[in-house]
Amino acid sequence: MAMEEKIQDTIEESQPTATAAEQPAERKRTNWLSRILGGEVLQSRAVLRQVPLVVMLCFYAILLVYNRYRVEDLTKERTATQDRITYLREARIELQKRYQETIKISQIAEMLEGTGIGITAGPPYELDAKGMDKYLD
């Protein structure tokens with residue numbers, strides 16, 4: 001038995017023992033990790049005091065994302081409106097050109113020539129009713 005005790009003492013001496021400083025550090029790491037995984041950290045007063053701040057930051061983040069999408073929509077709408085305005089301006093200019101061409105005296109004279117009415121060279125005059133009877137019937 002004495003021999004067994006000597007062997008046991010030798011084995012214990014050969015095994016490294018943790019110093020007192022190493023044991024608490026290891027316990028702290030394990031304790032900290034278990035507190036995080038267990039959810040105890042979320043129940044501490046320091047974290048609970050920050051909940052309103054976290055809620056406010058989340059609200060502002062959602063507001064920021066909403067505003068970003070809203071600005072994109074408004075930008076697309078503005079671009080479409082500007083394109084439409086450009087198209088309408090071009091159409092107006094084209095219509096004005098056509099109108100200017102149709103109101104030229106030579107164009108009007110050509111259109112009236114086929115009807116038998118000509119452009120008068122003198123000032124306008126009043127028609128008397130005697131000659132108008134044939135047109136009224």
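**Salt bridges along a helix**

Q: How far apart are R98 and E94 in helix 4?
A: R98 and E94 are 4 residues apart in helix 4, which means that about one helical turn separates them; helices here are DSSP runs of H or I with at least four residues, and strands are runs of E with at least two, numbered from the N terminus.

Q: And what do their side chains form?
A: The side chains of R98 and E94 meet in a salt bridge, at 3.9 Å from N to O, the term requiring a Lys or Arg side-chain nitrogen within 4 Å of an Asp or Glu carboxyl oxygen.

Q: What should I know about the model itself?
A: It is a predicted model, in which local features need pLDDT of at least 70 and side-chain atom pairs count only at pLDDT 80 or more, while totals for chains, interfaces and linings use all residues. Residues are numbered from 1 along each chain as its sequence is written, and side-chain values use heavy atoms, leaving out hydrogens and water.

Q: How exposed are R98 and E94?
A: R98 counts as exposed at 52% relative accessibility, whereas E94 is partly exposed at 37% (buried is under 20%, exposed over 50%, partly exposed in between, with a 1.4 Å probe and protein chains only).

Q: How many salt bridges does the structure hold?
A: The structure holds 2, and one of them joins E72 to R68, with the closest N and O atoms 3.3 Å apart. Both residues lie in helix 4 (residues 51-102), 4 residues apart; E72 is partly exposed at 31% and R68 is exposed at 56%.

Q: Switching topic, what's the overall fold pattern?
A: The chain reads α-α-α-α-α-α along the sequence, with 6 helices and 0 strands, and 0% of its 137 residues count as buried.
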